[in-house]
Amino acid sequence: MSKHQKETAPVIVKHKHCLICSTPIPMSKDFCSSTCEQENKRLVRRRRYTFIATLAMFPVLLILLTLFSRR
Ligand SMILES: [Zn+2]
């Protein structure tokens with residue numbers, strides 16, 4: 001993102017970047033190709049799994065803390 005070079009063109013066409021590879025793409029699209037779309041789907045799934053795993057860890061940690069504080 002920080003690697004922004006000086007544009008010589010005065011008009012900046014409205015665009016956004018592919019969420020995966022940062023390729024400039026039109027505003028109507030989210031990804032440059034179906035490959036990146038698939039990659040994003042995989043990342044979202046992994047992020048959700050990590051989130052659920054983190055949530056599941058809390059009761060375990062609470063039980064462990066309770067057990068250790070009883071000593
Ligand atoms: Zn892409």
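Ser22 sits in the loop that joins strand 1 (16–17) to strand 2 (24–25). Strands here are DSSP runs of E with at least two residues, helices are runs of H or I with at least four, and both are numbered from the N terminus. This is a predicted model, in which local features need pLDDT of at least 70, side-chain atom pairs count only at pLDDT 80 or more, and totals for chains, interfaces and linings use all residues. Residues are numbered from 1 along each chain as its sequence is written.

What is the phi of Ser22? It is near 65°, which is a positive value in a residue that isn't glycine. Most residues other than glycine have a negative phi.

Now for the whole chain. Buried residues account for 0% of its 71 residues. To count as buried, a residue needs 20 or more other C-beta atoms within 10 Å of its own; 12 or fewer makes it exposed, anything in between is partly exposed, and the C-beta atoms are placed from the backbone.

Let's look at some loop residues. Both Cys32 and Asp30 belong to the loop between strand 2 and helix 1. Here is how they and Ser22 score:

| Residue | Other C-beta atoms within 10 Å | Class |
|---|---|---|
| Ser22 | 13 | partly exposed |
| Asp30 | 13 | partly exposed |
| Cys32 | 18 | partly exposed |

Which residues does Cys32 touch, leaving out those up to four places away in sequence? They are Cys18, Cys21, Thr23 and Ile25, where contact means that two C-beta atoms, placed from the backbone, lie within 7 Å.

Finally, the helix. Helix 1 covers residues 34–70, and its 37 residues should span 54 Å, since the expected span is 1.5 Å times one less than the number of residues. Its end C-alpha atoms are 55 Å apart, which agrees. Zero of those 37 residues are buried, so helix 1 lies largely in the open.
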